[in-house]
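I am opening my notebook on a new model.

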Amino acid sequence: MNKLKVGMISFAHGHAFSYFHALLSLPEVELVGIADPLKSRVDSLLNQYPLSYYEDYRELLAADIDAVVICSENVYHAEITIEAAKRGKHILCEKPLGITTEEMQAMLSACQENNVQLMTAFPCRYLAAVVQAKKAVEDGEIGEIVAIKGTNRGTFPGGWFVDPKLSGGGALLDHTVHVMDLMNWFTGSQVKEVYAYAAALFHENLEVDDAGMIHVKFANGAFGVLDTSWSRTAPFPTWGDVTMEIIGTKGVISVDGLAQKNELYSSAAGKGQWDYWGDNMDAYMIQAFVQALLSGEAVPISGEDGLRSAAVALAGYRSIQEGQPVLL
């Protein structure tokens, strides 16, 4: 069997651990090594699995690998992606793809010039409810989409996420991109106008926003509105949500991406708890990335997809500064 040799660059983002175990579960993948400037972040994995460790990601790129998965702080996505492309490695990059439109364009250009594929990590496309809703829309069950109302509200991440020099923005950037990608995917259209609000409402002394609302107009006439925040408090039973109300000319579809769960209200724990029993969206996304590369097909979620959703969030910040809608 042909195996895809993969390396992982940075475990700054918590999703890296899920991606790591998804890669390990695939017999067609050889996980070669890990690069992270902070060895303490990956010590638990290095102690458990026979993997090479590199402090400098460039040393991993010099190894015999076919592809990399990048889960660094947002500000480093462009630098690492461009270097990986120059070394001829295919790339799966954590969202948001970048923190400026210009650097994301440079990432896409570097991959195109070096004939490598760039995939954006949008695992929400693989949630069971999202997959079923997409099929229903394609089958014409609700007619033409008129509007989509979405939410992506999570718990406060802390750490580098609230340092604008490393994250590039707050909840508006962090939580716009997932559901905005779904809106782009469902409508098949591009956002042409953005109006947004964002502020630090739930946590004191933040340099970034922890709550926001973003409104968009699509080229095909559809509207979208998205509630983005780090508003889930510690006692809340879920880490966050991914929901959409898709309004069509013939009907409405309600999507709750994380509805496949058992709820437990425990006196011992002192709070509500939940146990997700649904399909592993990260595992499906990793599998799709690997299969595309092994078969020589295009990755299912492109760098262009990542740029389109991140550009909306960045336009949202411009809208806040100008106090009016902005055009894309």
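This is a predicted model: local features need pLDDT of at least 70, side-chain atom pairs count only at pLDDT 80 or more; totals for chains, interfaces and linings use all residues.

Then I looked for its partner. The Glu-73 side chain meets that of Arg-41 in a salt bridge, at 3.6 Å from N to O. Where do the two residues lie? Glu-73 sits in the loop between strand 4 (67-70) and helix 4 (77-86), and Arg-41 in the loop between strand 2 (29-35) and helix 2 (43-48). The pair therefore ties together parts that are 32 residues apart in sequence.

I went on to other charge pairs. My count of salt bridges came to 18. One of them joins Asp-241 to Arg-232, with the closest N and O atoms 3.1 Å apart. Are Asp-241 and Arg-232 buried or exposed? I found both of them buried. I also noted a network: Arg-125, Asp-181, Asp-305 and Arg-308 are joined by salt bridges that share partners. Next I took Asp-163 and Lys-165, which form a salt bridge with 3.3 Å between the closest N and O atoms. Lys-165 is exposed, because its relative accessible area is 60% and the cut-off is over 50%.

I traced 6 strands in an open sheet, in the order 3-2-1-4-5-6, with parallel pairing. Which strands are at the edges? They are strand 3 (52-54) and strand 6 (118-120), and each pairs on one side only. Neighbouring strands here are turned by 25 degrees against each other on average, direction ignored. I then looked at one edge in detail. Strand 6 pairs with strand 5 (residues 90-93) in the parallel sense, over 3 bridges. Opposite Cys-93 I found Thr-120, in strand 6.

Next entry: helix 6. This helix covers residues 128-138. Which of its residues are buried? I listed Ala-128, Val-130, Ala-133, Lys-134, Ala-136 and Val-137. I noted that Lys-134 is in this buried list. After helix 6 comes Gly-140, and its phi is positive, near 80 degrees.

Strands 11 and 12 were my next stop. A hairpin joins strand 11 to strand 12 through 3 residues. How do the two strands pair? They pair in the antiparallel sense, over 5 bridges. Within that pairing, I found Ile-246 bridged to Ile-253 in strand 12.

I then sorted the side chains of strand 12 by face. Ile-253 and Val-255 make up the covered face. Val-252, Ser-254 and Asp-256 make up the uncovered one.

Last entry: Val-252. This residue belongs to strand 12 (residues 252-256). Its relative accessibility is 47%, so I logged Val-252 as partly exposed. What does Val-252 form with Val-146 and Ile-247? The three form a nonpolar patch on the surface, with about 210 Å² of accessible area together.

Methods
Residues are numbered from 1 along each chain as its sequence is written. Side-chain values use heavy atoms; hydrogens and water are left out. Patches are made of residues with over 30% relative accessible area and no salt bridge: like charges are joined within 9 Å, nonpolar side chains (Val, Leu, Ile, Met, Phe, Trp, Tyr) within 5 Å. Accessible areas come from the Shrake-Rupley method with a 1.4 Å probe; for residues, only the protein chains shown count as cover. A salt bridge is a side-chain nitrogen of Lys or Arg within 4 Å of a carboxyl oxygen of Asp or Glu. Helices (H or I, at least four residues) and strands (E, at least two) are DSSP runs, numbered from the N terminus. Buried means under 20% relative accessible area, exposed over 50%, partly exposed in between (1.4 Å probe, protein chains only). Two strands pair if DSSP finds at least two bridges between them. Axes are lines fitted to C-alpha atoms, for helices over the stretch in contact, and angles run from 0 to 180 degrees between N-to-C directions.
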